[in-house]
Amino acid sequence: MKNEEFERRIQFILQQQANFADSLERQAAAHAEAKARHDRVDRQIQELIQSMSIFRDALISITHHVERNEREMADLIERGKQTDARLNGLILVVERHLSGHQ
């Protein structure tokens with residue numbers, strides 16, 4: 001092997017090593033960027049989970065309020081029916097009383 005050929009091979013090997021080092025550097029940068037995106041997505045998922053937990057608690061609270069209001073409305077309706085029945089009875093008594101005095 002001649003010196004020139006040996007030098008060319010050495011230069012080729014050195015160039016390949018430089019290319020490989022550049023490639024590794026680009027991959028490391030891409031990996032760091034991907035990790036940063038992954039970390040950001042993880043934080044966003046955690047925030048979403050917390051928000052959904054708050055939303056779930058609020059929905060449960062609203063559901064309990066609605067159920068309580070429905071029970072109270074049913075009670076008011078029943079009491080209204082009872083009041084109507086007593087009032088109708090009172091009206092009959094008053095009408096009988098008035099018709100007996102005329």
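**Fold and surface**

Reply: This is a predicted model. The protein chain has one helix and zero strands.

Me: How does its radius of gyration sit against the globule rule?

Reply: The radius of gyration of the protein chain is 43 Å, well over the 13 Å that the globule rule gives for 102 residues, so the chain is more spread out than a compact globule.

Me: And what does the C-alpha trace span along its principal axes?

Reply: About 145 × 15 × 15 Å.

Me: What share of the residues is buried?

Reply: Buried residues make up 0% of the 102 in the protein chain. The accessible surface comes to about 9500 Å², and carbon and sulfur atoms account for 60% of that.

Me: Which residues make the nonpolar surface patch?

Reply: Leu 87, Leu 90, Ile 91, Val 93, Val 94 and Leu 98 make it, with an area of about 510 Å².

Me: Take Leu 90. Where does that residue lie?

Reply: Leu 90 is in helix H1, which covers residues 3-100.

Me: Switching to charges. How many positive and negative side chains are there?

Reply: The protein chain has 15 positive and 17 negative ones, and the centres of the two sets lie 1 Å apart.

Me: How many salt bridges?

Reply: Six in the structure. One of them joins Glu 33 and Arg 37, with the closest N and O atoms 3.0 Å apart.

Me: How far apart are Glu 33 and Arg 37 in the helix?

Reply: Four residues, about one turn of helix H1. Arg 37 is partly exposed, at 40% relative accessibility.

Me: What does Lys 35 meet in a salt bridge?

Reply: The side chain of Asp 39, at 3.2 Å from N to O. Lys 35 and Asp 39 are four residues apart in helix H1, so about one helical turn separates them.

Me: Why do Lys 35 and Asp 39 count as partly exposed?

Reply: Because buried means under 20% relative accessible area and exposed means over 50%. Lys 35 has 45%, and Asp 39 has 29%.

Me: Which residue does Asp 57 form a salt bridge with?

Reply: Asp 57 pairs with Arg 56, the closest N and O atoms being 3.0 Å apart. Asp 57 is partly exposed at 41% relative accessibility, and Arg 56 is partly exposed with a relative accessible area of 46%.

Key: Residues are numbered from 1 along each chain as its sequence is written. This is a predicted model: local features need pLDDT of at least 70, side-chain atom pairs count only at pLDDT 80 or more; totals for chains, interfaces and linings use all residues. Side-chain values use heavy atoms; hydrogens and water are left out. Patches are made of residues with over 30% relative accessible area and no salt bridge: like charges are joined within 9 Å, nonpolar side chains (Val, Leu, Ile, Met, Phe, Trp, Tyr) within 5 Å. Accessible areas come from the Shrake-Rupley method with a 1.4 Å probe; for residues, only the protein chains shown count as cover. A salt bridge is a side-chain nitrogen of Lys or Arg within 4 Å of a carboxyl oxygen of Asp or Glu. Helices (H or I, at least four residues) and strands (E, at least two) are DSSP runs, numbered from the N terminus. Buried means under 20% relative accessible area, exposed over 50%, partly exposed in between (1.4 Å probe, protein chains only). The radius of gyration is taken over C-alpha atoms; the globule rule is 2.2 Å times the number of residues to the power 0.38. Lys and Arg count as positive and Asp and Glu as negative; His and the chain ends are not counted. The place of a charge is taken as NZ of Lys, CZ of Arg, CG of Asp or CD of Glu.
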